Amino acid sequence: MTPVISKSKYLSGLQCHKLLWYHYNRPDEIPTPDEGTKAIFDAGHEVGKLAQSLFLGGIAIKWDRDAEKMIEPTKKLLVERKPIFEAAVKYGNAYSIADILAPVDNNSWDLIEVKSSTSLKDINLPDVAIQSYVCQNSGIKLNKLFLMHINNQYVRHGDIEPEKLFTKEDITAQTQELLLQVEPNLEKMVKIIQSAECPAIKIGPHCSNPYECPLTEMCWSFLPEKNIFSLYRGKTLGFELLQQKVQKLADIPPGTILSSSQSIQVKCAKTNKPHIDKKGIANFLSTLQYPLYFLDFETVAPAIPFYNGTRPYQNIPFQFSLHILEKEGAKQEHHSFLAEGKADPRLEILIELKSLLGNGGSIIAYNAGFETG
């Protein structure tokens with residue numbers, strides 16, 4: 001039986017043939033998404049729901065694992081010429097669900113892909129291209145192709161204004177070349193899926209581009225603990241060294257161009273001794289004045305702003321932890337704050353911190369750039 005390739009599986013196939021093969025031949029061996037990834041998916045669904053409010057009279061197709069149960073309702077709604085959300089369409093061995101199909105003149109439709117990102121990304125083009133391929137070949141006349149994404153300059157005042165929160169970008173022309181590649185790509189992917197053997201794909205930049213691959217832990221497990229990819233900001237160099245069959249930090253050959261931080265790492269790996277910058281530590285400690293305040297924030301950065309006066313993805317602190325050391329040798333005091341309810345927590349955090357920080361001393365944070373921001 002010829003496999004049906006959905007939009008998501010098509011994109012997986014573009015990223016890595018091995019990942020595509022696993023999806024169809026060993027799906028149980030693919031790790032389930034972690035809680036962080038699930039939260040990103042949930043946020044994307046929330047953004048998609050809000051985008052639908054811009055299309056009055058639209059009707060959503062009820063999601064179902066059985067594709068056929070979504071395709072037939074879509075066909076019926078196409079006749080009614082109303083906006084359709086989650087329109088399911090199949091052509092040949094390809095299947096896609098369009099976020100929004102909006103009717104326009106001349107019995108045609110605009111296809112609108114909704115993303116929670118703040119700009120057009122390269123991966124969005126093949127995403128829309130396969131949707132266009134499936135729709136047009138199944139008899140749906142498309143007018144234009146759009147990407148609808150978040151406007152990060154929007155500032156909330158009162159109720160969310162979807163027409164201001166979203167930006168709609170015409171990507172019809174940018175998608176045309178990729179549209180021509182869909183059919184040959186699908187043919188190649190079918191052969192890969194039907195192969196008895198998993199493709200032998202080496203690790204590379206594709207493992208995290210455009211998405212972090214769920215097979216990364218398995219595919220990268222051959223590397224030793226202190227390996228070349230632990231180099232500080234050295235992923236590109238890591239792949240170059242791997243091509244030279246170098247895996248361990250300690251085996252990086254002399255003469256390799258390294259940054260100062262990378263040179264320290266390699267030296268430590270080769271000598272098996274720690275690097276301690278006593279002078280640097282002493283200079284830092286000499287700048288500190290008691291009392292010492294060890295401060296850490298936790299923030300939330302929602303795509304759809306929660307509070308008035310905030311923008312999409314703006315970091316909003318909702319929790320802090322503060323340890324206070326009044327003088328050398330004293331016992332640390334610990335204070336913490338966790339916002340309750342849905343009210344903007346920033347003012348309450350400021351008031352609480354002001355009562356604890358006093359007027360002198362040094363505030364210390366592990367990630368000082370982020371905490372300062």
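Start by selecting strand S4, residues 94-104. Nine of the eleven residues of S4 are buried, so the rest of the structure largely encloses this strand. Here, buried means under 20% relative accessible area, exposed means over 50%, and partly exposed lies in between, with a 1.4 Å probe and protein chains only. Strands (E, at least two residues) and helices (H or I, at least four) are DSSP runs, numbered from the N terminus.

Before moving on, a word about what is on your screen: this is a predicted model, where local features need pLDDT of at least 70 and side-chain atom pairs count only at pLDDT 80 or more, while totals for chains, interfaces and linings use all residues. Residues are numbered from 1 along each chain as its sequence is written, and side-chain values use heavy atoms, with hydrogens and water left out.

**The partners of S4**

Click on Ile5 and look across to Ala94, its bridge partner in S4.

Next, select strand S3, residues 84-91. Seven bridges join S3 to S4, and these two strands run antiparallel. Ile84 stands opposite Leu101 in S4. Follow the chain through the hairpin of S3 and S4, which has two residues between the strands, and stop at Gly92, where phi is positive, near 60 degrees.

S4 and S5 pair in the antiparallel sense over five bridges, with Ala102 opposite Asp110 in S5. Their hairpin has three residues between the strands, and Asn106 in the turn has a positive phi of about 60 degrees. Asn107, in the loop between S4 and S5, also has a positive phi of about 60 degrees although it is not a glycine. Is Asn107 buried or exposed? At 55% relative accessibility, Asn107 counts as exposed.

Select helix H4, residues 68-80, and show the side chains of Met70, Ile71, Thr74, Leu77 and Leu78, which are buried. Turn the view to look down the axis of H4: these buried residues fall within an arc of 130 degrees, so they line one face of the helix. The arc is that of the directions from the helix axis to the C-beta atoms.

On the face turned away from the buried side, find the exposed residues Lys69, Lys76 and Val79. After H4 comes Arg81, with a positive phi near 60 degrees.

**A cavity to look into**

The structure holds one cavity of 30 Å³ or more, and the largest cavity has a volume of about 90 Å³. To find it, select Cys16, Lys18, His206, Cys207 and Cys219, the closest to its centre of the 13 residues that line it. Helix H2 (17-25) and helix H8 (216-219) are the elements that give two or more residues to this lining. A cavity is a set of points on a 1 Å grid over the protein atoms alone where a 1.4 Å probe fits but cannot get out, and lining residues have an atom within 4 Å of a point. Grid points are joined across faces, edges and corners, and the volume is the space filled by probe spheres set on the points.

Stay in helix H2 and select His17. His17 is partly exposed, at 28% relative accessibility. Leaving aside neighbours within four places in sequence, His17 is in contact with Lys188, Ile192, Pro199 and Ile201.

**Last stops along the backbone**

Go to Pro210, in the loop between helix H7 (172-194) and H8. A cis peptide bond joins Asn209 and Pro210, with omega about 10 degrees.

Then visit Lys245, in the loop between helix H9 (235-243) and helix H10 (260-271). Lys245 has a positive phi, near 65 degrees, and is not a glycine. Its relative accessible area is 76%, so Lys245 is exposed.

Finish at Pro291, in the loop between helix H11 (278-286) and strand S8 (292-300). The peptide bond from Tyr290 to Pro291 is cis, with omega near 0 degrees.

Note on methods
Contact = heavy atoms within 4.5 Å. 1 Å grid on protein atoms, 1.4 Å probe; cavity = no way out; pocket = protein on both sides within 12 Å on 5 of 7 lines; lining within 4 Å. Pairing = 2+ DSSP bridges.
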